[in-house]
Structures are given as C-alpha cells and as structure tokens.
Amino acid sequence: MIRVLICIGLIPLMHLSLSGQVIVNASFEGDPAPSSLPYGWEPCGAGSTPDTQPGSWGVLTDAASGHTYLSLICRGEGVPFPGQWETCQQHLAQPLRAGVCYVYTVDLAHTETFAAAGITFGGYARLRVWGAAGPCQPQQLLWESPAVTHDTWYTYPFVFKPEADYPYILLEAYYTVMPKYSGNILVDNLQYVPEQNPCLPTM
C-alpha cells in the first residue's frame with residue numbers, strides 16, 4: 001500500500017519534554033461493524049455513530065495500520081439527522097497540558113463508495129481535533145486537516161499547544177465548504193511522536 005507523508009508547516013512553539021502521552025487504541029483496532037466504535041473511543045451526541053471499518057456501508061479500503069480504522073461522516077439535508085456531523089472522544093490517561101507543545105501524526109483518506117440507506121456520502125470532509133475539559137464538550141480547536149480528497153492513506157503531522165488542561169480529545173468530521181452536504185473521512189493511526197519534528201523555541 002502506498003502511503004505519502006504530507007508536511008504541514010509546523011509553527012514555532014516552546015519545546016517541553018513529555019513522557020507517557022499515549023492514546024489508547026491509536027490504531028482504532030476492533031471488530032468491524034457499523035455504528036460501533038473501536039475500543040477506547042466513545043461517540044458524542046445523537047446520531048453520532050462512527051463505524052469500525054472496513055466492511056460497512058460499501059467501505060472496502062484496507063487499513064493504514066493494523067486491521068481496522070475509523071470512519072466518520074458529515075450530513076447534508078434530506079438525510080437522518082440533517083446538518084449534523086459525527087464526533088468521537090477519548091478520556092486520556094494523561095491530560096493534554098496547557099502550554100505544552102505536542103506533535104502528532106494521523107493517517108487520513110476518503111472513499112467514494114460510502115453509502116447508507118440509499119444515500120451516498122461521497123463528499124470530501126476534513127478532520128477536526130479538539131481539546132475538551134469534559135465529555136463531548138469541545139473547547140479548543142487544536143488542529144484541522146485540509147480537505148481530504150485522496151483515496152490513498154496520507155500521513156499528516158501536526159503540532160498544537162493547548163491553552164488549558166484537557167483530559168479529553170475529540171475527533172470530528174466536518175465540512176470543507178457550505179452549504180452542508182453528505183461526506184466522509186477515514187481515520188487511522190493517531191500517534192503522539194515527540195521524537196519527530198521537535199518544536200522550536202519561540203523567536
């Protein structure tokens with residue numbers, strides 16, 4: 001499987017040594033099933049029913065890491081829960097700390113074949129990553145991807161510095177343009193990687 005590394009500009013942030021910042025089941029391993037999240041992840045809100053893929057809703061893409069991955073959709077008009085988008089969360093064993101510089105990578109892809117109940121969710125979406133102080137309470141947008149238009153897995157590195165302590169991290173699919181439409185994004189291998197792309201002192 002071809003995987004491409006996309007380098008997104010890293011903003012200069014204060015480098016702080018970290019240890020133990022681990023996301024449980026960062027590879028989204030689980031039993032493939034519709035409306036069912038991998039171990040360690042929880043849904044947010046009515047109609048927020050991400051899936052453990054592949055094999056549901058016409059999604060057949062192989063995983064980037066391990067055997068399974070996460071799919072999230074955003075919804076247009078004329079579908080159940082119109083105008084809503086799917087979000088999931090994890091309660092971190094070690095909170096994201098205010099003022100600390102974090103480096104992560106995530107593998108993202110899109111599929112044209114996602115369809116449910118006769119509705120095609122083939123539009124492009126972006127991934128948004130939030131820090132949250134409580135369950136399903138997004139407070140700081142830590143990072144958002146560009147529109148994910150490729151059906152091959154690409155690895156995106158990203159850097160952020162929380163403004164407060166956040167014990168929860170949230171992942172959500174979101175629209176790339178308006179008005180709202182039905183789209184999808186595939187997510188795999190969300191990793192904390194302090195040894196890569198170290199943050200630089202503020203100039």
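The legends below describe close-up views of a predicted model.

Local features need pLDDT of at least 70 and side-chain atom pairs count only at pLDDT 80 or more, while totals for chains, interfaces and linings use all residues. Residues are numbered from 1 along each chain as its sequence is written, and side-chain values use heavy atoms, with hydrogens and water left out.

**View 1. The disulfide of cysteine 44 and cysteine 136.** A disulfide is a covalent bond between the sulfur atoms of two cysteines; here a pair of cysteine sulfur atoms within 2.5 Å is counted as one. The structure holds one disulfide. Its sulfur atoms, from cysteine 44 and cysteine 136, are 2.2 Å apart. The link is left-handed, with -85° about the S-S bond.

**View 2. Burial of the cysteines.** Cysteine 44 is buried (under 20% relative accessible area), with a relative accessibility of 10%. Cysteine 136, at 32%, counts as partly exposed, the class between buried and exposed (over 50%), using a 1.4 Å probe and protein chains only. Cysteine 74 is buried at 0%. Cysteine 88 is also buried, with a relative accessible area of 0%.

**View 3. The largest pocket.** A pocket is an open set of points on a 1 Å grid over the protein atoms alone, where a 1.4 Å probe fits, with protein on both sides within 12 Å along at least five of seven lines. The largest pocket holds about 210 Å³ of space, a volume filled by probe spheres set on the points. Its lining has 15 residues, each with an atom within 4 Å of a point. Thr49, Ile73, Arg75, Ala116 and Phe121 lie nearest the centre.
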